[in-house]
Amino acid sequence: MYINVLKPRVDPCIFLHSNVDDWLALLGYDFVRELVRRFRHVAAEVDDVARYILENPGIVSIGLRGVEVGGPYRREWRLFVESGYVEPRARARWPYTPNDESLDVRLQVSPCFLLATLTRDVGAVWRNRAASLFSWVSAVPRHKPLEVFREAFPLWLRELGWSHGYVWVAWTRWRDRRNRHLAEWLYWLDTGRMPHIDAIRGRAGAVYETAGRTKKPAAEGLYVSS
Amino acid sequence: MRWGMPQRGVYLLKEVYMAEPSEASSYCRRDSFVVVYIVASLDGGLDVVYGRVKPGALECPAATFTRRFPRAEARSAVKTLVDFAVKVDKVPLFQVNPEVLRFAGLCDDYPLVCEDPAVVIKRLMANAADKRTHSQRGVSTASGMWLVEELARILREKLELDSGFAEVLKRVIEDPDRLRECYV
């Protein structure tokens with residue numbers, strides 16, 4: 001009975017990751033074939049499926065209903081497939097740089113959370129943990145979120161990522177917490193890819209390229225292997 | 001047809017608009033009601049369920065009608081279900097879960113359900129600008145009317161469901177500024 005179990009080597013966040021080669025490498029051909037089969041009524045091949053899902057992230061869990069998933073990430077996948085829920089936690093690991101700056105931006109939700117079905121409870125999590133988002137958008141966009149957020153995010157915040165680097169942003173504070181979720185957002189808005197999946201694929205250089213701009217340049221030698 | 005509730009599946013209506021099982025049970029104690037679920041079952045394990053009572057401990061007898069569709073016909077399957085809900089059962093279109101419509105690729109057919117009103121208005125303005133440039137060239141297009149038609153359809157639907165709404169509408173038309181007072 002375990003013949004048809006799919007074993008992706010990545011968590012559901014892959015659906016917000018716009019690099020299709022990574023889909024094939026991490027989800028595996030069987031999973032991708034199943035995806036194409038399940039979204040055949042709207043898309044003909046993998047590229048179309050990837051684009052369709054990136055434009056409408058809320059629908060993946062509906063399309064995946066009933067899929068058997070195993071492998072190291074099975075717990076997250078089962079939760080996602082059966083109830084359409086993805087944890088809002090940040091996935092990326094950032095090399096430590098001492099940083100006492102604090103940003104007055106409450107965004108403690110990963111972009112992955114866009115995949116979660118927008119029930120009343122999920123809406124409450126958005127409102128509570130990502131309160132700052134709602135001064136830029138009126139509601140969580142369900143269609144083309146990447147474009148919407150690229151327009152909606154304030155420029156000074158994007159520039160913070162460009163000038164200081166994502167690692168620096170990740171270690172700034174919001175009250176007693178770090179802004180690791182915010183760093184994921186900035187990386188995702190700039191590249192359309194998820195930082196932790198880039199890290200899995202060995203693109204650590206792309207993720208941490210800005211580490212040199214941080215206050216502790218020695219961290220670069222420690223964490224970046226290119 | 002099968003007695004009992006559907007085992008699994010995605011529900012067509014938004015959770016908020018579905019009745020609680022306990023609420024429905026109180027009805028069937030008085031009369032002999034049957035709760036009906038209609039299921040479009042897609043090959044490979046996705047069931048789209050139309051029913052007006054949330055799944056749960058239900059005291060009424062429940063009947064499930066299932067029809068199988070191949071995967072490639074997901075679009076028409078969901079469309080049939082929505083048509084049934086809206087036309088036969090007179091469910092307002094806005095109770096339909098937009099994510100299900102989006103999955104089925106039906107957003108072009110029901111734009112106001114899927115899209116944010118702001119997006120619809122922006123697209124309409126773009127259309128209007130388009131149309132103006134067209135008409136300057138002497139070409140007339142009748143494609144900009146879809147929003148007006150859609151709005152008229154929604155108002156009609158609203159009136160069908162609640163006759164009191166006609167009175168509200170009449171007052172708003174008499175004095176549009178009164179509507180603004182509601183938002184202050």
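Visitor: How many residues of domain 1 of chain A are in contact with domain 2 of chain A, and how many of domain 2?
Guide: 17 residues of domain 1 of chain A are in contact with 18 residues of domain 2 of chain A. Contact here means that two C-beta atoms, placed from the backbone, lie within 7 Å. This is a predicted model, where local features need pLDDT of at least 70 and side-chain atom pairs count only at pLDDT 80 or more, while totals for chains, interfaces and linings use all residues. Residues are numbered from 1 along each chain as its sequence is written, and chains are lettered from A and ligands numbered from 1 in the order in which they are written.

Visitor: Which elements supply the domain 1 side?
Guide: In chain A, α1, α3 (46-55) and α4 each supply at least two residues of the side of domain 1 that touches domain 2. Helices are DSSP runs of H or I with at least four residues, strands are runs of E with at least two, and both are numbered from the N terminus. That side divides into 9 nonpolar, 6 polar and 2 charged residues. Nonpolar covers Ala, Val, Leu, Ile, Met, Phe, Trp, Tyr, Cys and Pro, charged covers Asp, Glu, Lys and Arg, and the others, Gly among them, are polar.

Visitor: Where are the domain bounds in chain A?
Guide: Domain 1 is 12-83 and domain 2 is 111-223; such bounds come from an automatic or database domain assignment. Taken over C-alpha atoms, the centres of the two domains of chain A are separated by 22 Å.

Visitor: Back to α1(A). Which of its residues are buried?
Guide: A:D22, A:W23, A:L26 and A:L27 are buried in α1(A). Buried means 20 or more other C-beta atoms within 10 Å of the residue's own, exposed means 12 or fewer, and partly exposed is in between, with C-beta atoms placed from the backbone.

Visitor: What covers the buried residues of α1(A)?
Guide: The cover includes α2, α3 and α11 (195-200) of chain A.

Visitor: How does α1(A) sit against α2(A)?
Guide: The axes of α1 (residues 20-27) and α2 of chain A come within 6 Å and cross at roughly 120°. That makes α1(A) oblique to α2(A). Angles under 35 degrees count as roughly parallel, over 145 as roughly antiparallel, 65 to 115 as roughly perpendicular and the rest as oblique. The axes are lines fitted to C-alpha atoms, for helices over the stretch in contact, with angles from 0 to 180 degrees between N-to-C directions.

Visitor: Which residues make that contact?
Guide: A:W23, A:L24 and A:L27 come from α1(A), and A:Y29, A:F31 and A:V32 from α2(A). By class, the contact has 6 nonpolar, no polar and no charged residues.

Visitor: What follows α1(A)?
Guide: A:G28 follows α1(A), with a positive phi near 90°.

Visitor: Which loop holds A:K144, and what is its phi?
Guide: A:K144 lies in the loop between α6 (120-129) and α7 (145-152) of chain A. Although A:K144 is not a glycine, its phi is positive, about 45°. A:K144 has 14 C-beta neighbours inside 10 Å and so counts as partly exposed.

Visitor: And B:K90, exposed or buried?
Guide: B:K90 counts as exposed, because it has 10 C-beta neighbours inside 10 Å. B:K90 also has a positive phi, about 55°, although it is not a glycine.
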